[in-house]
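Here is a short report on one protein model.

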Amino acid sequence: MDENKMNKKSLKNRFKRNVLVNKVSTVLLIVFLVFLYIIINLACKVTDLPQFDLTKNKVYTLSNASKEVIKNVKTKINIAAYGFEADSNFIRLLKEYVEVNPEYLSYEVLTEESNNAKVQEYGLSQGYVRVVLETENMYKSIDAKTEFIVYDYNIGAVYDRTEQVITNGILGLDTNQGVKNVYFLTGHGEYEQELIATTVQSLYAENFNPQFINLSAQDIEVGNNDLLVIVSPSSDLNEMELNKIQNMVNKGMNIIYTQDYIDTNLPNFKKLLDGYGVEVQSGYVIENDMDYIFSDSSMFFMPQMSQTNPITSEIYSDGYYMLIAQAGRLKIKEEAELKNLNVTRDDILYTTEEAIFTPTMDDIDLATASAETGVATIASLLTKNIKTEDGKEVDSKLLILSTGLTLADLPLSSDSATLFSNIGKNKDFMINSISELTDKTNYLKIRKGMDSTTFQATAKESFIVLTICLAMPLVIIIMGFVVSKVRNRRR
C-alpha cells in the first residue's frame, strides 16, 4: 500500500515536473514572444528607420551635387508637401534636404487637418499633388504630377527629375544666390503690368526683381547681368531714350524684345535692332503642317525649337509644346554682315518648311498669292561683342521674338479661360530666357533614369506579406509547443 502511494506520488511529481512546468514555461515563452513582437512593431512605427535606396540610379537619394549647393543656402525655406503620404519616398527625400541644412530648411506634410488655413491660401484641394516652397516674403508652387516625371523624347526614356525641380526651386528662392534686376520698359504702348502678371509673379518666385521703368523720366544704373525687357511697343523711342539704351548696351546690358503686328514704323527701335542685324517683318506666319497647328487655326501653332540652346533644350527633350500665335517673321542679316557687326546668331524658335509668310490678311486670296513659303524664324538669340571705352570686351545679348502673345495673360479665344502665358511651356520659355540672359546659370540638371526602381506591392501582395509576417512567428511557437509535448510523452 505504501509502495503504491509512493508510486502515485512519484507519478504526480513527475507530471508536475515534466508537464505542468514545461507547459507553464511554454505559455510564458509564447506570451513573451508575442509581447516582444508587438513591442518591435510599435517601435518600428515610431522610429525613423534608415531607408536603403536599391534603385540603380539612386532615384530616392539626394545627390552630392544637390548637397553641395543646398548646404550654402542662407534663406529660411519651408517645403510644404500636399497630397503625399507621410512615409512616402518623396517625404524621405525632403528629410535628406533638411538634414543637409537644418538651420535654413524645414518641411511639413500639408493636409486640411494639419494646416487648413495654408491649404486654402494656396488653393489646394483633394486630387492635387503639390509642393510649395515658401519663404517669409514669397513662395513657389510646383505641380508634382507634371514636373517630377518626364519623358525625354531625345532618347525615348522616362526620367525622374524630382530632385532637380526641388533643388533648383530652393536655389531660386535663396537670396544668397543674388537678386537680378529685370527692367520692363514703359511709355511706348508696351504691355501693361496687368497683362503680363503671370510672368511678373513667376519672376518674384524665382528671386528676380522686376521693375517697370520710363526712361524719359528716370535713369537706371546698369548692374552686372541686369536685363531690359521691351514687350511689343506700339510707339517709338525718343532720341534721349535711344541714347540711354545704347549706352546700357555698350556696358553689356542684355535685352529681350518682342513685337506684335503694327502698321506704323518705329525708326528708333529699328536703329536699336539694326545694331544686332535683325528686324521684325510685319505680317503673319501661317503654319501649314497639320501636325503642329493648334485648334485648326494655322496662325496658332507649335514651333520647332533648338535642341542645344539652354533656353529650349529641356523644353524640347520634355516634349512639352509651346504655343505661338499671330507671329511675324524675323529678318536677320547674312553671316558676313553679322560678322562685321561682331554678332553671332542662334535661332531657337522657327516653323516647318511648309509655313508661309504673308504681309497682310486683308484679302486672303491676295495674301496667299503673295506669300513666301519656307522656314520662318520666330525667335533668335543674337550676341554682340562690344569693346568698351576702357578697352575691355563685353557681350550684349538680344533675344528677339516676333510676337508678344507668348507671355500675355490673354485668353486663347472669347470662349476660353486658358491664357497664352499658361499654355504648354510658354511661361517656362520666358523664365528660361530671363535666367539665361541674367546669367542665372547655377541651376542643376539632375535626371535619374527610371529603368530600375523599387518594388511597389499591390494590395493583395501586401496582404500576403503581412499575413506571412504575422503567421510565421505563431507557427514557429506552436510547433515548439507541439515538439515539447511529443518529447515529454516519449520519456
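Gln326 has a relative accessibility of 37%, so Gln326 counts as partly exposed. Partly exposed lies between buried (under 20% relative accessible area) and exposed (over 50%), with a 1.4 Å probe and protein chains only. Gln326 is not a glycine, yet its phi is positive, at about 50 degrees. Gln326 sits in the loop between strand S16 (324-325) and strand S17 (329-332).

Asn342 is not a glycine either, and has a positive phi of about 60 degrees. Its loop runs between helix H11 (335-340) and strand S18 (343-350). Asn342 counts as partly exposed because its relative accessibility is 45%.

## Basis of the values

This is a predicted model, where local features need pLDDT of at least 70, side-chain atom pairs count only at pLDDT 80 or more, and totals for chains, interfaces and linings use all residues. Residues are numbered from 1 along each chain as its sequence is written, and side-chain values use heavy atoms, with hydrogens and water left out.

## Overall make-up

The protein has 14 helices and 23 strands. These are DSSP runs numbered from the N terminus: helices are H or I with at least four residues, strands E with at least two. Of the 491 residues, 43% are buried.

Among contacts (heavy atoms within 4.5 Å) with a separation of 6 or more, 74% join residues 24 or more positions apart. The accessible surface is about 26,600 Å², and carbon and sulfur atoms hold 53% of it. Areas come from the Shrake-Rupley method with a 1.4 Å probe.

## H8 against H9

Helix H8 (residues 239-250) and helix H9 (residues 267-274) have axes that come within 10 Å and cross at roughly 15 degrees. Axes are lines fitted to C-alpha atoms over the stretch in contact, and angles run from 0 to 180 degrees between N-to-C directions. H8 and H9 are therefore roughly parallel, a term for angles under 35 degrees.

On the H8 side, Glu239, Leu242, Ile245 and Val249 make the contact; Asn268, Lys271 and Leu272 meet them from H9. These residues split into 4 nonpolar, 1 polar and 2 charged. Nonpolar covers Ala, Val, Leu, Ile, Met, Phe, Trp, Tyr, Cys and Pro; charged covers Asp, Glu, Lys and Arg; the others, Gly among them, are polar.

## H7 against H13

Helix H7 (residues 197-205) packs on helix H13 (residues 426-437) at about 50 degrees, with the axes 10 Å apart. H7 supplies Thr198, Thr199, Ser202 and Leu203, and H13 supplies Lys427, Ile431 and Ile434. This contact divides into 3 nonpolar, 3 polar and 1 charged.

Terms used:
Angles under 35 degrees count as roughly parallel, over 145 as roughly antiparallel, 65 to 115 as roughly perpendicular and the rest as oblique.
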